[in-house]
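Subject: Structure handover

Hello,

Here is the structure I said I would pass on. My notes follow below it.

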Amino acid sequence: MIERRRRFSVADATTSAVLVTLVAVLGISIWYAVVRWFDLPKALLPTPIECLLAAIENRDALFRGTLSTGVSAVTGLVVAIVVGSLIAVVFSLSRRLRLAFFPYVILLQTVPIVAIAPLLIIWSGYTFRTVVIVTVIVCLFPIVNSVTSGLMSIDRDASDLFRLYGASRRRQLTKLQIPSAIRHLMLGAKTSSGLAVIGAIVAEFFVGNGTSYDGLGTLMTGWQALTKTDALIAALFASAFLGLALFGSVQLVSATLLRRWTSTRPTR
């Protein structure tokens, strides 16, 4: 049975890789055909080959930018996971606190980050810390929402069993609620992993204006001003690959280190 499942997993992964490659080839072909058919200028829409050459030409800047944005995104995501999980625990323990403060967590999600970023720069300066704060704000709501749901959706029979044996509230939290919420935490972390890259790049749009900060957002702003569309698209692809790498890392942690709590299949 396990061998059959492994064969299915390998077959699914192979099929997915082939389909993704076909879609990418089709998309690039359409892109190239549109540029050639309408004879579009390079400043408006370069060909895929011109973007590849721009990526090679600016590979050092792209590497530094991707690394800088990646560090900011990972730091912000980790802080959001820790802070969001602690807030969710408090919400699960106190209904009044949840009713009082949960709307403010939603408010953080609804206020446009481009409106908050200038204020944060005034308060925190053109620093790495400001980029991380913006990233945390963007990532926080999915974590809080998912973990709170996981902590409060425990199995009723298991909860009754803990009460029957006189388990304390702390023991019920650590032995029952938190383990059952790990799967929800990873779902929230997967959602926030993509948002972390977006938050870091948006913050770099503002932070990069005042310093030599060299994140992808700063590079995009500079290349947009110089009408270097090919390099701008190359940076866009770099940010997309960064988001995929972050999502894949979270998925890898979920499937390996936390498999005991996140897998829906038997472990043997």
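Asp39 is found in the loop between α1 and α2, where helices (H or I, at least four residues) and strands (E, at least two) are DSSP runs numbered from the N terminus. Asp39 has a positive phi of about 50° although it is not a glycine. Its relative accessible area is 64%, so Asp39 is exposed; the classes are buried under 20% relative accessible area, exposed over 50% and partly exposed in between, with a 1.4 Å probe and protein chains only. Thr227 is also not a glycine and has a positive phi, of about 55°. Thr227 sits in the loop between α9 and α10 and is partly exposed, at a relative accessible area of 49%.

On conventions: this is a predicted model, in which local features need pLDDT of at least 70 and side-chain atom pairs count only at pLDDT 80 or more, while totals for chains, interfaces and linings use all residues. Residues are numbered from 1 along each chain as its sequence is written, and side-chain values use heavy atoms, with hydrogens and water left out.

Overall layout

The protein has eleven helices and zero strands. Its C-alpha trace spans about 75 × 55 × 30 Å along the principal axes. Of the 268 residues, 37% count as buried. Among contacts (heavy atoms within 4.5 Å) with a separation of 6 or more, 75% are between residues 24 or more positions apart. The accessible surface comes to about 16,200 Å², and 67% of that belongs to carbon and sulfur atoms; areas come from the Shrake-Rupley method with a 1.4 Å probe, and for residues only the protein chains shown count as cover.

Annotated spans

The unreviewed UniProt entry places the feature "transmembrane region" at residues 12-34, 71-93, 105-126, 132-154, 193-211 and 231-258. UniProt positions are given in the numbering used here, feature names are shortened, and annotations may be inferred rather than shown by experiment. In the model, residues 71-93 are 100% helix and 0% strand, and their end C-alpha atoms lie 33 Å apart. Residues 105-126 are 82% helix and 0% strand, with end C-alpha atoms 25 Å apart.

Val79 is in helix α3 (residues 59-93) and is partly exposed, with a relative accessible area of 32%. Val79 belongs to a nonpolar surface patch with Val74, Val78, Val82, Val83 and Leu86, and together these have about 450 Å² of accessible area. Patches are made of residues with over 30% relative accessible area and no salt bridge; like charges are joined within 9 Å, and nonpolar side chains (Val, Leu, Ile, Met, Phe, Trp, Tyr) within 5 Å.

Cores

A nonpolar core is a set of buried Ala, Val, Leu, Ile, Met, Phe, Trp, Tyr and Cys residues joined through side-chain atoms within 4.5 Å. The largest one has 47 residues, of which Leu62, Ile113, Leu151, Leu216 and Trp223 touch the most other members. Two or more residues each come from α3, α5 (113-124), α6 (128-152), α8 (169-207), α9 (216-225) and α10 (229-255). The most come from α8, with 13 residues. Not counting residues up to four places away in sequence, the contacts of Leu216 include Leu62, Gly65, Ile201, Ala235 and Leu242. A second, separate core has six residues, among them Phe91, Val105, Phe141 and Val144.

Salt bridges

There are two salt bridges, defined as a side-chain nitrogen of Lys or Arg within 4 Å of a carboxyl oxygen of Asp or Glu. Lys42 and Asp230 form one of them, at 3.4 Å from N to O. Lys42 lies in the loop between α1 (2-38) and α2 (48-57) and Asp230 in helix α10, so this pair ties together parts 188 residues apart in sequence. Lys42 is partly exposed at 46% relative accessibility, whereas Asp230 is buried at 10%.

Asp214 pairs with Arg64, with the closest N and O atoms 3.9 Å apart. Asp214 is in the loop between α8 and α9 and Arg64 in helix α3, so the pair ties together parts 150 residues apart in sequence. Asp214 is partly exposed at 30%, and Arg64 is partly exposed at 46%.

One glycine

Gly208 lies in the loop between α8 and α9 and counts as buried, at 13% relative accessibility. Leaving aside neighbours within four places in sequence, Gly208 contacts Tyr213 and Thr218.

Regards
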